[in-house]
Amino acid sequence: AFETRHVGTTFEIDVLLHDDLSGIDLNLAPEIVTFKGNQDFTREGREETAKGIDNMVVPMFYIIKDTTQLEVAPGKYNLLGVHIPHDDKSKRILVLLRADLISF
């Protein structure tokens, strides 16, 4: 089975404001998807002559995703997550959020 996958950055968010505007309830699902390349899968014993269903090329993806719910104060920074990139274990990716209320 195969699944369609968006490559890049996606940020899903649901917002609920408190009646007195003192806080914001958030449902968040930020996601970063990168394409790592293709991987060959060959049926055992058919490595030399694999064709058709005996050999499949499957795309490989690296996914960073946070799914969380939180209550935040307007104008304050919040740490959502810390991730280690697949290609450099010495680096860290910090996911920060700040929600502001803007009147029109």
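User: Which side chain meets Arg-5 in a salt bridge?
Analyst: That of Glu-31, at 3.8 Å from N to O. A salt bridge here is a side-chain nitrogen of Lys or Arg within 4 Å of a carboxyl oxygen of Asp or Glu. This is a predicted model, where local features need pLDDT of at least 70 and side-chain atom pairs count only at pLDDT 80 or more, while totals for chains, interfaces and linings use all residues. Residues are numbered from 1 along each chain as its sequence is written, and side-chain values use heavy atoms, leaving out hydrogens and water.
User: Where do Arg-5 and Glu-31 sit in the chain?
Analyst: Arg-5 is in the segment before strand S1 (8-17) and Glu-31 is in strand S2 (residues 24-42), so the pair links distant parts of the chain, 26 residues apart. Strands (E, at least two residues) are DSSP runs, numbered from the N terminus.
User: Is Glu-31 buried or exposed?
Analyst: Buried, with a relative accessible area of 16%. Buried means under 20%, exposed over 50%, and partly exposed in between (1.4 Å probe, protein chains only). Arg-5 is partly exposed, at 28%.
User: How many salt bridges does the structure hold?
Analyst: Three. Another one joins the side chains of Lys-91 and Asp-88, at 3.9 Å from N to O. Lys-91 is partly exposed at 49%, and Asp-88 is partly exposed at 25%.
User: What does Arg-98 pair with?
Analyst: Asp-100, with the closest N and O atoms 2.9 Å apart. Arg-98 has a relative accessible area of 40%, and Asp-100 is also at 40%.

Definitions and conventions: Helix = DSSP H or I, 4+ residues; strand = E, 2+ residues; numbered from the N terminus.
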